[in-house]
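Please look over the sequence and the model shown below before reading on.

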Amino acid sequence: MSDTDRPRDATAAQLASQAPLARGAVLVSLSGAVFGFVFVPQLLGLALAGLSLARREPQGRRPAILAAALALAFTAVWAVVLGLLLKWWATSR
């Protein structure tokens, strides 16, 4: 392992230990891209992001805001996709 890789690994480990709710919120919100049609990942991502912001986790503000933005964006995208699919299904009968 080179010396340039070590600070990044240390930073990632430090973020994971200092802001576990924010890190979990980002991961759950990203899973909304695949499993978002049930809207559970987006709700869980928003809840974890809110908890992270409420607890004022050090180094967790930016990931929590990112998670909330991703959750809201995926919610909007899936709502449009499912609305169009439902409209197509209703008119094809």
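The points that follow are grouped by topic, from the overall fold to single residues.

The structure is a predicted model. Its secondary structure comes to 4 helices and 0 strands, and the order along the sequence is α-α-α-α. Of the 93 residues of the protein, 26% count as buried.

**Overall surface and contacts**

- The accessible surface of the protein comes to about 6500 Å². Carbon and sulfur atoms hold 69% of that surface.
- Among the contacts in the protein with a separation of 6 or more, 68% are between residues 24 or more positions apart.

**The largest nonpolar core**

- The largest nonpolar core has 11 residues in all. Its members are Ala19, Leu21, Ala22, Ala25, Val26, Val28, Leu48, Ala49, Ala64, Ala67 and Ala68.
- Two or more residues of this core are given by each of the elements α2, α3 (40–54) and α4 (61–91). Helix α2 supplies the largest share, 5 residues.
- Ala22, one of the core residues, touches Ser52, Glu57, Gly60, Pro63 and Ala64 when residues up to four places away in sequence are not counted.

**Ser29, a buried serine in helix α2**

- Ser29 has its place in helix α2, which covers residues 20–35. Ser29 counts as buried because its relative accessibility is 0%, under the 20% limit.
- The side chain of Ser29 has a polar atom 2.8 Å from the backbone oxygen of Ala25. The Ser29 side chain also reaches the backbone oxygen of Ala67, at 3.0 Å.
- Leaving aside neighbours within four places in sequence, the residues in contact with Ser29 are Gly45, Ala67, Leu70, Ala71 and Phe74.

**Ser52, a buried serine in helix α3**

- Ser52 lies in helix α3. With a relative accessible area of 2%, Ser52 is under the 20% limit and so is buried.
- Not counting residues up to four places away in sequence, Ser52 touches Leu21, Ala22, Glu57, Gly60 and Ala64.

- Pro20 lies in helix α2. Its relative accessible area is 46%, and Pro20 is therefore partly exposed.
- Pro20 and Glu57 are 37 residues apart along the chain, and their C-alpha atoms are separated by 8.6 Å. Glu57 is also among the residues touched by Ala22 and by Ser52.
- Ala47 lies in helix α3. Its relative accessible area of 39% makes Ala47 partly exposed.
- Ala47 and Ala25 are 22 residues apart in sequence, with a C-alpha to C-alpha distance of 7.9 Å in space.

- Val34, Phe35, Phe37, Val38 and Val40 form a nonpolar patch on the surface. Together these residues have about 490 Å² of accessible area.
- Val34, one of the patch residues, lies in helix α2. At 54% relative accessibility, over the 50% limit, Val34 counts as exposed.
- Phe39 lies in the loop between α2 and α3. Phe39 is partly exposed, with a relative accessible area of 27%.
- The phi angle of Phe39 is near 65 degrees, which is a positive value in a residue other than glycine.

Definitions and conventions:
Residues numbered from 1 in each chain as written. Predicted model: local features only at pLDDT ≥ 70, side-chain atom pairs only at ≥ 80, totals over all residues. Heavy atoms only, no water. Buried < 20%, exposed > 50% of the residue type's maximum accessible area, 1.4 Å probe, protein only. Polar contact = N/O pair within 3.5 Å; in protein donor to acceptor, adjacent residues only side chain to side chain. Contact = heavy atoms within 4.5 Å. Patch = residues over 30% accessible without salt bridge, like charges linked within 9 Å, V, L, I, M, F, W, Y side chains within 5 Å. Areas by Shrake-Rupley, 256 points an atom, 1.4 Å probe, with all protein chains shown as cover. Salt bridge = Lys/Arg side-chain N within 4 Å of Asp/Glu carboxyl O. Core = buried A, V, L, I, M, F, W, Y, C linked by side-chain atoms within 4.5 Å.
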